[in-house]
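User: I am new to reading protein models. Can we walk through one together, feature by feature?

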Amino acid sequence: LFDLVGVAEILVLYQFDEKVTMGNPGAACTCVRAGYSILSAALASGPAIAQHVERIVKCWTRSTKCIVDGTKHFSPAHDIICLEAVVSSVVSFLRFCSDFLLSMSGTLNRITLVLESMLGLIIPDGRLGAQPGNTAAESRLDNVKAALFEAFSWLPPGCFPIASEKLFLWAIEHIQDASETDVTTSLLPSLVSPEDNIMSAKSSYAATSYSHVGDLNDLADNFVFLSSSLAEHRERESVMHSPLWRNHISIKLTEEDYILNSSILGPSKSRELQSTPPTPLHKVGLGTLWKEPPSPAPNSKIRLVDASIHVFSSIFGLFEGGKQERAMIMLAELLPMSLRSGGKFNVGNALMTDSERKVKNKQENIFASNLAATLLAVTQALHLHEASTSTDKGPPWMRRARDILFVLLSSPYDLVRRASAECLATLALSTRGMGGGIHGFQQAIIDSLEEIIRGNFANGKARK
């Protein structure tokens, strides 16, 4: 490891070599990226890297300061390449060496300062925050944003108060932007309890598509691959060569890890579901419960929306009720119009062609999926709310979230309905009445569910 870290340091130093940066800035970026990729691989060894942590942290600090000031002879695109390499290395450290945050004095504070400096660079009004003009640069910037969100998610909740508010608002904006540009999160299937996966199983008589049963599942996957458009080469290279390996690649599932011991019904566990807080400070959770960030998706835009949802949920509990309620108001804007209208007749919908209806349904599914995943991630990270009185109907944000979830219950997509139902249950269980009895918020959920069972809307109004 000593030689490995030494080689990595030599490569990283090309960022400060004026002759190389002036003559061939692309080559300098390649050396820097290679150096930090080597460091990321070395950090994956875990505790064995302990004696080199101080050198590595100094490399991050020096490189970040250089990027903040503007590397001489580098364009913003070159600085973004170096920034991506640095933040990926930091994420690798937090993933595999979180114990050192507390065991090595000052490490947590220094890493937090590095990440806050990076955040100031890539926010919309930062020096590197402007939207690039080509696909490859845009993909790389998305990766930097996603990796930065992941890095903050790996830190103990509440240890970065200066950056929290920027992250909070920025994450909501990215969730909204992703929905409007037809990007769906990959988190929803992993957030929903695997115990209910059997509800999606269909017999050959109940199946409505060739992909629902039997060996034709593989045929359906092949059809999706053959009919999909490929990622642009440099975008694919930018994501797949990132030193952030997916967690589940090395997991070996046994029969006990499957629902009813049946591999047909799918696995019931994953490493992310079984994760434990890496340090005592992660367990404290100031207003929120820490959860291991998701494995990076092999697509920069999906990875960004996944990371946005996770970091938003991880810091949601740190804010006061007013900001939480405003966040729910912003998220409510993602509700599909067809669900808001309660299924009322619409002339425009009736006159749609089949192709237009398919596009509209796909867009509505994207909005509903991203919204359901965000709310479910938020509720799973909540601490218990103590009701002040037996009639306490919960904080305002909870009531708004409840109203959104009742709307999502009428979604035509089973995974969205399952997520909404589970989220309602989690909200109800996260509140406790005086003396352990049912209080106002829980009773309101029960009353609304009874109205839905009767065929009415959740508020008691009759469906027409």
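Analyst: Let us begin with one residue. Leu-167 is found in helix H9, residues 161-180. Helices (H or I, at least four residues) and strands (E, at least two) are DSSP runs, numbered from the N terminus. This is a predicted model: local features need pLDDT of at least 70, side-chain atom pairs count only at pLDDT 80 or more, and totals for chains, interfaces and linings use all residues. Residues are numbered from 1 along each chain as its sequence is written, and side-chain values use heavy atoms, with hydrogens and water left out.

User: Is Leu-167 buried or exposed?

Analyst: Take the cut-offs before the case. Buried means under 20% relative accessible area, exposed over 50%, and partly exposed in between (1.4 Å probe, protein chains only). Leu-167 has a relative accessible area of 0%, so it is buried.

User: Which residues does Leu-167 touch?

Analyst: A contact means heavy atoms within 4.5 Å. Leaving out residues up to four places away in sequence, Leu-167 touches Leu-119, Phe-149, Phe-152, Phe-160, Val-311 and Ile-315. Look at Ile-315. Leu-167 and Ile-315 are 148 residues apart in sequence, yet their C-alpha atoms are 8.5 Å apart in space. Now turn to Phe-152. Its partners, again not counting residues up to four places away, include Leu-115, Leu-119, Phe-160, Leu-167 and Val-311.

User: What is a nonpolar core, and how many residues does the largest one have here?

Analyst: In soluble globular proteins, nonpolar side chains tend to be buried together. A nonpolar core is a set of buried Ala, Val, Leu, Ile, Met, Phe, Trp, Tyr and Cys residues joined through side-chain atoms within 4.5 Å. The largest one here has 105 residues, and Trp-60, Phe-93 and Phe-152 have the most contacts inside it. Helix H5 (residues 76-96) gives the largest share of this core, with 10 residues.

User: Where is Thr-64, and what does it touch?

Analyst: Thr-64 sits in helix H4, residues 53-69. With a relative accessible area of 3%, Thr-64 is buried. Beyond residues up to four places away in sequence, it touches Val-86, Val-114, Ser-117 and Met-118.

User: Which residues form a nonpolar patch on the surface?

Analyst: Patches are made of residues with over 30% relative accessible area and no salt bridge; like charges are joined within 9 Å, nonpolar side chains (Val, Leu, Ile, Met, Phe, Trp, Tyr) within 5 Å. Here Leu-102, Leu-281 and Val-284 form one, with about 230 Å² of accessible area together. Such areas come from the Shrake-Rupley method with a 1.4 Å probe; for residues, only the protein chains shown count as cover. Leu-102 lies in helix H6, residues 100-103. Its relative accessibility is 41%, so Leu-102 counts as partly exposed.

User: How many salt bridges are there?

Analyst: A salt bridge is a side-chain nitrogen of Lys or Arg within 4 Å of a carboxyl oxygen of Asp or Glu. By this rule the count is 13. One of them pairs Lys-301 with Glu-138, the closest N and O atoms being 2.9 Å apart. Lys-301 lies in helix H14 (residues 300-316) and Glu-138 in helix H8 (residues 135-154), so the pair ties together parts that are 163 residues apart in sequence. Lys-301 is partly exposed at 35%, and Glu-138 is partly exposed at 24%. Another salt bridge joins Glu-451 and Arg-454 (3.1 Å, N to O). Through shared partners, salt bridges also join Glu-138, Asp-142 and Lys-301 into one network.

User: What is the mean pLDDT of the protein?

Analyst: pLDDT is the predictor's confidence in each residue, from 0 to 100. The mean is 80, and 73% of the residues reach 70 or more. Over residues 214-218 the pLDDT is below 50, and this stretch has four contacts beyond near neighbours in sequence. Residues 267-273 are also below 50, with 23 such contacts.

User: And how many helices and strands are there?

Analyst: The protein has 21 helices and two strands. Of its 464 residues, 45% count as buried.
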